Amino acid sequence: MTPTAKLATLLTALTIAATPAALTTPAHAHTPPPAPATTGHHIDPRPSTAELTHRLHQLHDHSNGRIRITEIGRTNQNRPIYHATVGTGPRRLLYITQQHGNEPLGTPAALEFLRHTGLGTTPWHHWLRSRITVDIIVRANPDGHENNSRYNHDPHADPEHGRKGKGYDPNRYHHPNLHPDHNPVPEAAAIQRTYAATTPDLVVDYHMQGRYTDHHGREITASVMWPTHPDVTTPATDLSRQATVAAAHAITTHHPANNVSTYPGGDYPGIARNAYGLHGSGSILIELSNIGPHAEQRQIRSALAAMTAIAQRTADTSLTRIDPARADRIPPRGAPIPTHERTPTPDHTDTLD
Ligand SMILES: [Zn+2]
């Protein structure tokens, strides 16, 4: 790009950013291209919460404050719950990882996203950070991570959703009528408060599921879903469906083995996917399949590809120009893949968000 073209792009970006009509302005033809995704270094799939704390503070220190870290709560075992923010733009995204402690791979993807987006200094990075603000709750359920449990840690729990004597299922306690001060689940309350404080346009919640095929017998590597509660408004549903199309496309094109389906989730309003849709935001679920250790690096990078694509397409407004009906072309999830390791247990609840 010539210096003149660069200046024109910058001025256009500044003009668009300063105009309230930006939210409906089509992307400029000279939007800078996305910077390349991360290189092939090994990513720790399961950093301890102490290591996560160290990494987040390191990111803050190395980014000249472009990555802001705040503690938004404490678990019942007194572990910190972190909220990281990158960008200063008007459009807001909220990414959540690891509400279920034994579904880890969204968390290392979030660390990579922060590193990539917050430390980069190319024109694309500056452009991206000027257009959007991304808030990330990095590992919403650290007790569950350390205890290798779906639930939070609460020996006094006798929950409607969760397991007596063990803990609550955090992803059932986002109901719009449940005030965070009365929420029995500190992890879910922290997410509710962050949602209220940031009022995101779109929420993306990262989980993991078991192994499934599609209807042709090919393995599903990720499943996506929008809010299915009937009271979610059409604009919120449309934005959610546009985001599922963008996520599915990013994951599918990231690796030849990737194969994305929809997720057969329910209507319960306490699930984050439904709750934040009922609040009026776009809201989606992304479930990475638990394919096994050999595929973890690919799964982390696939999650990162979805995070980056949603950020890019929010910044350049192409997300809202996707036909929401394209979500209906994402095929349904098929049958579980039986393996001798998949012994059913009371914790075996991977058919649920
Ligand atoms: Zn989950």
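**A friendly walk through the model**

This is a predicted model, and its protein chain averages a pLDDT of 90, with 86% of the residues scoring at least 70.

User: How do helices α2 and α3 pack, parallel or antiparallel?

Analyst: Packed helices are described by the angle between their axes and the distance between the axes. Here α2 (residues 49–62) and α3 (residues 106–119) have axes 10 Å apart, at an angle of about 5°. Angles under 35 degrees count as roughly parallel, so α2 and α3 are roughly parallel.

User: Which residues make that contact, and how many of them are nonpolar?

Analyst: From α2 come R55, L59 and H62, while α3 brings L111, L114, R115, G118 and L119. Sorted by class, the contact has 2 charged and 2 polar residues, and the nonpolar ones number 4.

User: Which residues of strand β7 point the other way from L202, V204, Y206 and M208?

Analyst: In a regular strand the side chains alternate between the two faces of the sheet. Opposite to L202, V204, Y206 and M208 point V203, D205, H207 and Q209.

User: Which strands pair with β7, and what are the partners of Y206 in them?

Analyst: Strand β3 (residues 91–97) pairs with β7 in the parallel sense over 5 bridges, and strand β12 (residues 282–289) runs parallel to β7, joined by 8 bridges. In β12, Y206 stands opposite I286.

User: Is D143 buried or exposed?

Analyst: D143 sits in helix α5, residues 142–146. A residue is buried if 20 or more other C-beta atoms lie within 10 Å of its own. D143 has 24 such neighbours inside 10 Å, so D143 counts as buried.

User: How far apart in space are D143 and T75?

Analyst: Leaving out residues up to four places away in sequence, D143 touches T75, N76, Q77, R79, G101, N152 and H153. D143 and T75 are 68 residues apart in sequence. In space, C-alpha to C-alpha, D143 and T75 are apart by 6.8 Å.

Conventions
Residues are numbered from 1 along each chain as its sequence is written. This is a predicted model: local features need pLDDT of at least 70, side-chain atom pairs count only at pLDDT 80 or more; totals for chains, interfaces and linings use all residues. Axes are lines fitted to C-alpha atoms, for helices over the stretch in contact, and angles run from 0 to 180 degrees between N-to-C directions. Helices (H or I, at least four residues) and strands (E, at least two) are DSSP runs, numbered from the N terminus. Angles under 35 degrees count as roughly parallel, over 145 as roughly antiparallel, 65 to 115 as roughly perpendicular and the rest as oblique. Two residues are in contact if their C-beta atoms, placed from the backbone, lie within 7 Å. Ala, Val, Leu, Ile, Met, Phe, Trp, Tyr, Cys and Pro count as nonpolar, Asp, Glu, Lys and Arg as charged, and the others, Gly among them, as polar. A residue is buried if 20 or more other C-beta atoms lie within 10 Å of its own, exposed if 12 or fewer, and partly exposed in between; C-beta atoms are placed from the backbone. Two strands pair if DSSP finds at least two bridges between them. pLDDT is the predictor's confidence in each residue, from 0 to 100.
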